[in-house]
Amino acid sequence: MDKRDETGGARSDPSQNARRHGLTAPVPSEQTLKIYREILNNPEQCAASYVTHEVTRLAWALAEAEARVERASAAEREHLFGGARADAVTIDDFRQVVLDVPAMREIVLSQTVDVATAVAAAQEAAFWKAYWKKADLLKRYRREAETGRKKAQAAYIKALVKDDPYPPGK
């Protein structure tokens, strides 16, 4: 059943939005394994080893968190510096924006002399609004991933210290 907000539009669930962008989907295991091996400084470490020991389990969690940060950062960089770069935008990009009925009605009712210029200005404003909205969303996903990495790193370090056979000062 589709949930609707008070205006009748479909409600947006943040977790669904992130999933739609692919930024909270499970990280490919080969990417996680590569980072896991780097964390443990063991290029031969097998993926199944993380279930047998607390430190390696937390190393795997840290590797997954690091992979999520890499993926979110790459998506943010692609948006800001890739094909949709702000400095590479042309008037053709603005023309692709389809204005909704209320925006067109406002232009017509404004009784402007140059409707084409008003439409072009509205298209440009809508383009930049969408561009920066997506940039803010990707920034939020990256920050959430960084927070997850920070927590995973703290847990991993705590387990390393606890598991140290030669603690400092003894």
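User: Which residues touch the most other members of the largest nonpolar core?
Analyst: Tyr36 and Tyr156, in a core of 15 residues. A nonpolar core here is a set of buried Ala, Val, Leu, Ile, Met, Phe, Trp, Tyr and Cys residues joined through side-chain atoms within 4.5 Å. Buried means under 20% relative accessible area, exposed over 50%, and partly exposed in between, with a 1.4 Å probe and protein chains only.

User: Which helices supply this core?
Analyst: H2, H3 and H6 each supply at least two residues. H3 gives the most, with 8 residues.

User: Where does the model come from, and how is it numbered?
Analyst: It is a predicted model: local features need pLDDT of at least 70, side-chain atom pairs count only at pLDDT 80 or more, and totals for chains, interfaces and linings use all residues. Residues are numbered from 1 along each chain as its sequence is written, and side-chain values use heavy atoms, with hydrogens and water left out.

User: Back to Tyr156. What is tyrosine 156 in contact with?
Analyst: Leaving aside neighbours within four places in sequence, tyrosine 156 is in contact with Ile39, Leu40, Val55, Leu58, Ala59 and Leu62. Contact means heavy atoms within 4.5 Å.

User: Zoom out. How many helices and strands does the protein chain have?
Analyst: The count is 6 helices and 0 strands. Both are DSSP runs numbered from the N terminus: helices are H or I with at least four residues, strands are E with at least two.

User: How much of the chain is buried?
Analyst: Of its 170 residues, 26% count as buried.

User: And what share of contacts comes from residues 24 or more positions apart?
Analyst: They account for 69% of the contacts with a separation of 6 or more.

User: Now the packing. At what angle do H2 and H3 cross?
Analyst: Roughly 120°. H2 covers residues 29-40, H3 covers residues 54-81, and their axes come within 8 Å. Axes are lines fitted to C-alpha atoms, for helices over the stretch in contact, and angles run from 0 to 180 degrees between N-to-C directions.

User: What does that make H2 relative to H3?
Analyst: Oblique. Angles under 35 degrees count as roughly parallel, over 145 as roughly antiparallel, 65 to 115 as roughly perpendicular, and the rest as oblique.

User: Left-handed or right-handed?
Analyst: The crossing of H2 and H3 is right-handed. A crossing is left-handed if the near helix is turned anticlockwise from the far one by less than a right angle, and right-handed if clockwise.

User: Which residues make that contact?
Analyst: From H2, they include Leu33, Ile35, Tyr36 and Ile39. From H3, they include Ala59, Trp60, Leu62 and Glu66.

User: How do H3 and H6 run?
Analyst: Their axes come within 8 Å and cross at roughly 160°. H3 and H6 are therefore roughly antiparallel to each other. H3 passes H6 in a left-handed crossing.

User: Switching to the loops. Where does asparagine 41 lie?
Analyst: In the loop between H2 and H3. Asparagine 41 has a positive phi of about 55° although it is not a glycine.

User: Is asparagine 41 buried or exposed?
Analyst: Exposed, with a relative accessible area of 69%.

User: And what about glutamine 111?
Analyst: Glutamine 111 has a positive phi of about 55°, and it is not a glycine. Its place is in the loop between H5 and H6. At 69% relative accessibility, glutamine 111 counts as exposed.
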